[in-house]
Amino acid sequence: MTIFRLCFFLLLIGIKTSIASNSKIPFEIAGKMILLKATVGGETGNFILDTGVSDLLLNSKYFKGKPGSKVFYGINGEIGQLAVSHVTLQIDENQWNNVYAEVIPMQALEDSKGFPIHGLIGTTVFRQYLLLIDFDRLEIELQSYEKNGESTGILIGGLPNEILPFKYKGGTPLVTVYAGEKELKLTIDTGAEINLFADKLLSELGSQLEQMRQRSVGGLGQVVNVTTVGILKGLRMESLFLADMNTAFSSLTHYNIYAGGPEADGILGYEFLSQFRVAFNFKKREIYLWKREPVLLAVEK
């Protein structure tokens, strides 16, 4: 669920943590979203792990905050008001104190999914640790960094098949992916159920697209767009080819205007991430990928 706002706050200073040096946290897959059980202010519920946002976002249905001067922009360009708060976040046995949070409406998201969603947990919460996502074990792992920014724990499963350096667009990691010889700049968003590329790429990637159809795509806001969706084939990293993926095409104009950082050609979500065991090294700004056993592509009808 990529969200971008007029300002991004990265309040690492002041966040006090109490977690194990290598902490494993179970998660569930709901639809194509990673759900963690977490507690904020005594309220326990479903939180989406979302590298598409930088901060902790809370659902205004369950949480209150002080009125803020900022607004947020959804992926479709809609505008919403938000409130702010500082909270204690508890996930399993791990606790973060004095976490900056933004409180926004998420009714449209809840309605579309059919179950309560209490909030989204963004990258700021985890940046002091290497974040590993293991889809086979259905758990995330937080590993402490060594002085050089390495974390030897990730090598237990062998060397990664690919190491991707990244920059930040807003609070979201941005990597380079290739379609033939064309270089694409794509953000990695664990909260995106489907890949979303700029519609200007439709003609350029036409030879790599199959099963084209129309579908409604929405986000946190009330605006829902009808967009083109197809099976995208033949994308690769430097040396690693990706499986065929469901990919939507829509305007990313608002996203690129209001999210800081380089212009993005698109967003890679669950369709990409679920192919790998994935680790985010926020200190070195690298993403590590280990190939999983082949996963059957679920084609939507």
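Before I go on, the conventions. This is a predicted model, in which local features need pLDDT of at least 70 and side-chain atom pairs count only at pLDDT 80 or more, while totals for chains, interfaces and linings use all residues. Residues are numbered from 1 along each chain as its sequence is written, and side-chain values use heavy atoms, with hydrogens and water left out.

The overall picture, then. The protein chain has three helices and 25 strands. Helices (H or I, at least four residues) and strands (E, at least two) are DSSP runs, numbered from the N terminus. Of the 301 residues in the chain, 57% count as buried. Buried means under 20% relative accessible area, exposed means over 50%, and partly exposed is in between, with a 1.4 Å probe and protein chains only. Among the contacts with a separation of 6 or more, 68% come from residues 24 or more positions apart; contact means heavy atoms within 4.5 Å.

Six strands form an open sheet with antiparallel pairing, and their order is S3-S13-S12-S24-S25-S14. Its edge strands are S3 (22-26) and S14 (162-165), each of which pairs on one side only. On average, neighbouring strands of this sheet are turned by 15° against each other, direction ignored. The axes behind that angle are lines fitted to C-alpha atoms, for helices over the stretch in contact, and angles run from 0 to 180 degrees between N-to-C directions. Within the sheet, S12 (residues 130-134) and S24 (residues 276-281) pair in the antiparallel sense over three bridges; two strands pair if DSSP finds at least two bridges between them. Leucine 131 stands opposite phenylalanine 280 in S24.

Phenylalanine 27 lies in the loop between S3 and strand S4 (28-30), and counts as buried at 5% relative accessibility. What does phenylalanine 27 touch, not counting residues up to four places away in sequence? The list is Ile34, Leu35, Leu36, Ile133, Asp134, Phe135, Leu138, Glu139 and Ile140. With glutamate 139 there is a separation of 112 residues along the chain, yet the two C-alpha atoms are separated by 5.3 Å.

Side chains of opposite charge can pair when their charged atoms come close. The structure holds 10 salt bridges, a salt bridge being a side-chain nitrogen of Lys or Arg within 4 Å of a carboxyl oxygen of Asp or Glu. Aspartate 134 forms one with arginine 137, with the closest N and O atoms 3.0 Å apart. Asp134, Arg137 and Arg277 are linked in a network of salt bridges.

Aspartate 136 forms a salt bridge with arginine 292, the closest N and O atoms again being 3.0 Å apart. Aspartate 136 is in the loop between S12 and strand S13 (139-143) and arginine 292 in the segment after strand S25 (286-291), so this pair ties together parts that are 156 residues apart in sequence. Aspartate 136 is exposed, with a relative accessible area of 57%.

Aspartate 244 lies in the loop between strand S21 (235-236) and strand S22 (245-250), and lysine 233 in the loop between strand S20 (224-232) and S21, so the pair ties together parts 11 residues apart in sequence. Aspartate 244 counts as partly exposed at 29% relative accessibility, and lysine 233 as partly exposed at 28%.

Last, two residues within strands. Leucine 268 is in strand S23 (residues 266-268). Is leucine 268 buried or exposed? At 0% relative accessibility, leucine 268 counts as buried. Its contacts, leaving aside neighbours within four places in sequence, include Val177, Leu186, Asp189, Phe197 and Met245. Leucine 268 and aspartate 189 are 79 residues apart in sequence and 6.0 Å apart in space, C-alpha to C-alpha.

Asparagine 59 belongs to strand S7 (residues 56-59) and is buried, with a relative accessible area of 1%. Not counting residues up to four places away in sequence, asparagine 59 touches several residues, among them Val103, Pro105, Glu110 and His118.
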